[in-house]
Amino acid sequence: MSTNPTRVFVARLLGLDVFDPLGDRLGRLRDVVVLDRGALKEPQVVGIVIEVPGKKRIFVPMTRVTSMDTSQIICTGLVNLRRFEQRGAELLVVGELFDRKVTLQDGSGDAVIEDIAMEKNRAGDWHVSQLFIRRGGPTSPLRSLRRSGERLIINWLDAYHGAANEPQGASQFVAQHEDLKAADFAEALHEMSNKRRLEVAGELQDDRLADILQELPDDDQVQILSSLNRERAADILEEMDPDDAADLLNELPEAQKEELLQLMEPDDADDVRRLLEYEEDTAGSLMTTVPVILPPEATVAEALAHVRREELTPALASSIFVCRPPLETPTGRYLGVVHIQQLLRFPPPEQLGNILDADLEPVSDQANVSEVSRILATYNLNSLPIINKEGRLVGAVTVDDVLDHLLPDDWRAQDDARALRRGGTNG
């Protein structure tokens with residue numbers, strides 16, 4: 001404990017592994033929770049938010065943290081695996097204080113918080129002590145600031161802090177989480193207040209926001225999309241997978257749905273409109289219209305190049321559907337499927353038409369979801385070809401599409417109230 005620093009900056013801790021005293025990894029630090037004690041007192045640090053296996057965020061009180069530096073965090077005691085929920089005057093440092101505007105008490109203007117230092121006193125309690133801020137401009141009266149946007153460290157009490165409902169930027173939060181997978185970012189976004197969720201969403205690039213929206217519950221998707229101007233909302237829908245865009249549009253009022261479809265690029269809108277025509281609980285309502293489709297003359301080498309595309313999900317990359325032209329859905333006559341394992345067993349010049357899995361029967365776009373689920377499970381498949389009554393490929397249903405459909409609507413928020421014992425008891 002003697003080497004444990006008494007002051008640390010939060011940004012340097014983000015993403016660090018959290019261990020128990022025996023060296024077992026508990027999870028990864030994602031945020032710090034502080035208690036707002038009013039304008040004349042520094043906030044008290046009450047705990048940390050850890051992402052545990054399963055992508056769930058839990059709370060660990062500071063009384064359980066025995067060591068914290070820029071390489072690792074060690075805690076002890078009983079770690080409760082209930083999902084973290086904010087209470088009362090609690091604030092999230094990364095989620096709510098980073099990017100917040102403050103006014104400097106020396107009269108030199110406004111600044112934006114980029115990092116926060118927390119410090120441990122002699123009694124062992126942690127509190128927020130300093131702010132790392134960005135401010136300044138050509139007319140700044142601060143003598144130490146000689147260029148626009150210069151950074152400096154000040155004490156917490158050297159700034160006036162605005163009300164929680166004031167507009168707040170989100171560039172720092174987005175930068176700190178740029179490496180998070182879309183599903184993990186969505187989890188963090190879901191746990192935010194409505195105001196903060198919209199601020200962060202507004203800061204994201206269109207393609208990033210589209211990926212994250214697809215991982216959010218329906219209510220969050222509708223809230224975010226409805227908060228955007230109509231042109232940007234249409235751009236976001238174009239970036240989404242057609243089946244996810246159709247699901248989201250189905251949650252909107254009819255007039256708003258049609259307005260957004262009119263604003264989308266015609267090709268993208270056509271894909272979504274086709275999906276919207278299907279009855280719920282049919283294969284057509286679940287499928288994506290953009291699987292990997294190639295002609296029978298294409299080679300193994302060409303197919304491998306297609307499935308390497310970064311934007312493909314693992315489920316979609318596992319199968320190549322072979323059809324006669326045209327190769328965009330609805331295609332020409334469906335011929336069969338080539339699984340990725342087959343690609344690895346044949347030489348690069350081999351034509352796909354020679355290695356088709358002709359035993360896998362395509363499924364009608366009008367088939368019930370229960371039939372699709374049974375076939376996927378029976379043959380251990382990641383995806384299924386979906387055809388219309390003319391025998392043309394119209395899309396593919398993947399196992400994750402079926403899981404999303406079968407799980408309850410609130411599955412992302414469902415909790416597991418178990419606790420991990422790491423010695424001691426929970427105070």
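In which sense do strand β16 and β17 pair, and over how many bridges? Strand β16 (residues 319-323) and β17 pair in the antiparallel sense, over five bridges; two strands count as paired if DSSP finds at least two bridges between them. Helices (H or I, at least four residues) and strands (E, at least two) are DSSP runs, numbered from the N terminus.

This is a predicted model, in which local features need pLDDT of at least 70 and side-chain atom pairs count only at pLDDT 80 or more, while totals for chains, interfaces and linings use all residues. Residues are numbered from 1 along each chain as its sequence is written, and side-chain values use heavy atoms, with hydrogens and water left out.

**The β15-β16-β17 sheet**

- The open sheet has three strands in the order β15-β16-β17, with mixed pairing.
- β15 (293-294) and β17 (334-339) stand at the edges with a single partner strand each, so one side of each has no neighbour in the sheet.
- F321 has V337 in β17 as its bridge partner.

- β4 is largely enclosed by the rest of the structure because seven of its nine residues are buried; buried means under 20% relative accessible area, exposed over 50%, and partly exposed in between (1.4 Å probe, protein chains only).
- Strand β3 (residues 25-35) runs antiparallel to β4 and is joined to it by seven bridges, with V32 opposite I48 in β4.
- β4 and β5 also run antiparallel, joined by six bridges, and V49 stands opposite F59 in β5.
- Three residues lie between the strands in the hairpin of β4 and β5, where G54 takes a positive phi near 100 degrees.

**Helix α3**

- Seven of the nine residues of helix α3 (residues 182-190) are buried, which leaves the helix mostly covered.
- These buried residues are A182, D184, F185, A186, E187, A188 and L189.
- The buried residues of α3 pack against β4 (44-52), β5 (56-61), α2 (171-176), α4 (194-203), α5 (206-213) and α6 (218-227), where contact means heavy atoms within 4.5 Å.

**Helix α9**

- Q256, K257, L260 and L261 are buried in helix α9 (residues 254-263).
- Seen down the axis of α9, these buried residues fall within an arc of 135 degrees, so they line one face of the helix; the arc is that of the directions from the helix axis to the C-beta atoms.
- The exposed residues E254, A255 and Q262 are on the face of α9 turned away from its buried side.
- The cover over the buried residues of α9 includes α6, α7 (230-239), α8 (242-249) and α10 (266-276).

**Nonpolar cores**

- A nonpolar core is a set of buried Ala, Val, Leu, Ile, Met, Phe, Trp, Tyr and Cys residues joined through side-chain atoms within 4.5 Å.
- The largest such core has 103 residues, and those with the most contacts inside it are I48, M68, M118, L225 and L237.
- A second, separate core of 16 residues includes V292, L294, V307 and V322.
- Leaving aside residues up to four places away in sequence, L225 touches L213, A233, I236, L237, L248, L252 and L260.

**Cysteines**

- With a disulfide taken as a pair of cysteine sulfur atoms within 2.5 Å, the count comes to zero disulfides.
- C75 counts as buried because its relative accessibility is 0%, and C323 counts as buried at 0% relative accessibility.

**N380**

- N380 is in the loop between α15 (369-378) and β19 (383-387), and it counts as exposed because its relative accessibility is 69%.
- N380 and E265 are 115 residues apart along the chain, and their C-alpha atoms are separated by 37 Å.
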